[in-house]
Amino acid sequence: MTLEDLRAAAALRQQTCAQIKKMIVSRLDLPIEPAWITDDQPLFGRGLELDSLDVLELYVAIEAEFGVALYDSDMSVFGSVSRLADHVNPALAPSA
Amino acid sequence: MDSLTSPVKSAHPEGTAYGTVLDADVALRFSTLDAEYEAIRERAALLDLSGERIIEITGDAASAFAQRVLARDVEYLTAERCMTSLVLAEDGTAVDQVVVWGRETGLLLESSVGGGTRLLEHLKANADAGVEITDRTAEFALFGLEGPYAWGVVGRLIDGELAALPFESVVDTQWDGVDIVFARTGVTGEYGYKVLVPAESAEQLWTKAMEQAVPAGQEAVELAMLEVRQPVMRHEAGEGVDVLEMGAGWLVDITKEEFIGRDAVMAAFEAAAERRTVGFSGGDTVPAAGTPVTVDGEQIGEVVHAVHSIGLGSALGLLRLPPDLAAAGLKLTVGDTEVTTLTSPYVTPKSWSTPII
């Protein structure tokens with residue numbers, strides 16, 4: 001891939017990540033700007049410190065925003081914003 | 001200031017390999033990296049965290065001082081809670097990453113491994129009237145238990161009810177009749193616990209713990225930390241590298257109105273970023289820090305730090321890249337090797353799918 005191809009691929013992921021961050025901040029009413037959350041930031045426990053109630057809220061929000069149902073209780077989906085992006089935008093997943 | 005050594009060094013397994021990490025002489029490997037890593041990721045590992053300084057902050061102004069020097073909000077941190085925070089310099093670079101233990105009489109700050117002297121000097125240089133800063137390291141030993149079955153070890157050694165405490169809880173309790181401070185916190189993404197024990201009982205308790213868990217040295221711990229993108233300060237926080245470039249903004253409460261380094265962090269946040277950090281894997285050879293990252297022969301960044309990941313079976317590390325290329329899923333060239341940038345965590349901890357029973 002050329003440098004421009006790589007920039008385009010990175011922009012696609014960063015757009016999805018930005019959409020996820022905006023959704024998290026809005027749905028959970030967090031007092032921070034979405035851009036403050038980094039793509040690699042852990043969402044639960046250490047990191048953004050979301051809890052199990054927040055997970056339920058995010059399940060609903062993700063389905064409404066991205067049309068993707070995440071009901072398999074696989075917590076690794078929430079390992080980071082970028083990991084979540086793989087699941088809500090299949091074009092980003094490593095196998096794509 | 002003297003280099004730290006472990007108070008339980010004489011009880012370490014025969015053949016333990018030691019090395020210097022900043023201001024501390026620590027166990028790098030007790031046995032083999034493979035065995036210790038396997039204990040962290042598959043069973044339960046025992047960590048000797050004696051390379052971390054324990055610094056007590058007390059006095060009438062302790063709370064206000066802690067709020068000023070810590071990048072996270074500790075105003076409501078009770079004696080039953082702990083949290084991880086960065087300590088920043090005025091220029092927004094990281095002085096250290098600490099675990100803050102709430103205590104009735106003030107706070108305990110646990111430095112990163114080998115980072116204690118620098119932390120202590122920074123705290124003293126910024127001390128206010130009404131604050132006492134005391135290095136308590138020699139009075140304690142600090143042990144860690146990490147792994148998907150570390151909760152079972154806590155149950156067998158101390159008390160099963162402690163294993164399921166909420167994350168970042170702190171409890172004053174006893175272990176074999178010895179007063180200890182117990183916390184549920186860790187760094188590898190697995191179930192993690194820490195035990196602060198009096199130095200005079202440390203060897204006795206370490207020996208007991210060795211019967212239940214495999215001791216793991218600094219190399220295995222740092223590998224496991226990198227795999228879940230937990231910052232390893234000595235590799236990631238270089239001169240002139242701000243916390244946003246490190247990707248450690250999550251250890252800063254930017255909603256807190258005032259703390260040392262806040263203005264610099266805010267300025268960096270509002271300015272156009274020059275570099276960002278992203279993980280990568282690929283190849284069998286571990287590239288040195290500073291190895292160029294290229295695309296079609298053009299250098300676009302460099303390696304921050306890399307190791308061989310046992311979990312991935314390849315080199316694993318961090319790259320500093322321009323922001324418009326700092327994303328997962330890209331094929332880049334590091335040295336002569338093709339690598340792929342990654343989403344975090346790079347290895348999914350087994351504890352995430354292992355219930356405490």
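User: How much area is buried between chain B and chain A?

Analyst: In this predicted model, the contact takes 37 residues from chain B and 29 residues from chain A. Carbon and sulfur atoms give 59% of the area buried between the two chains, and on the side of chain B the residues B:Trp250, B:Phe269 and B:Thr343 lose the most area to chain A, together 22% of what that side buries. The area buried between chain B and chain A is about 2,700 Å².

User: Which residue of chain A meets the side chain of B:Asp324 in a salt bridge?

Analyst: Across the interface of chain B and chain A there are two salt bridges, and nine residue pairs are in polar contact there. The side of chain B that touches chain A divides into 21 nonpolar, nine polar and seven charged residues. In the salt bridge of B:Asp324, with 2.8 Å from N to O, the partner is A:Arg7.

User: Which element gives the most residues to the largest nonpolar core?

Analyst: The largest nonpolar core has 46 residues, and those with the most contacts inside it include A:Ile20, A:Phe78, B:Leu86 and B:Val252. Helices H1 (3-27), H2 (52-66) and H3 (81-88) of chain A, together with strand S5 (82-88) and helices H9 (243-246) and H10 (262-270) of chain B, each supply at least two residues of this core. With six residues, the element that gives the most is H2(A).

User: How many residues has the other core, the one with B:Leu145 and B:Phe182 among its members?

Analyst: This other core lies apart from the largest one. Besides B:Leu145 and B:Phe182, its members include B:Ala150 and B:Val154, and its number of residues is 31.

User: Is B:Glu168 buried or exposed?

Analyst: B:Glu168 is found in the loop between helix H5 (160-163) and strand S10 (170-175) of chain B, and its phi is near 70°, a positive value in a residue other than glycine. Most residues other than glycine have a negative phi. Because the relative accessible area of B:Glu168 is 6%, and the cut-off for this class is under 20%, B:Glu168 counts as buried.

User: What is the omega of the peptide bond from B:Ser344 to B:Pro345?

Analyst: B:Pro345 has its place in the segment after strand S19 (337-342) of chain B. Most peptide bonds are trans. The bond from B:Ser344 to B:Pro345 is cis, with omega near -5°.

Terms used: Residues numbered from 1 in each chain as written. Chains lettered and ligands numbered in written order. Predicted model: local features only at pLDDT ≥ 70, side-chain atom pairs only at ≥ 80, totals over all residues. Heavy atoms only, no water. Core = buried A, V, L, I, M, F, W, Y, C linked by side-chain atoms within 4.5 Å. Buried < 20%, exposed > 50% of the residue type's maximum accessible area, 1.4 Å probe, protein only. Helix = DSSP H or I, 4+ residues; strand = E, 2+ residues; numbered from the N terminus. Contact = heavy atoms within 4.5 Å. Buried area = accessible area lost by both parts, 1.4 Å probe. Salt bridge = Lys/Arg side-chain N within 4 Å of Asp/Glu carboxyl O. Polar contact = N/O pair within 3.5 Å; in protein donor to acceptor, adjacent residues only side chain to side chain. Nonpolar A, V, L, I, M, F, W, Y, C, P; charged D, E, K, R; others polar.
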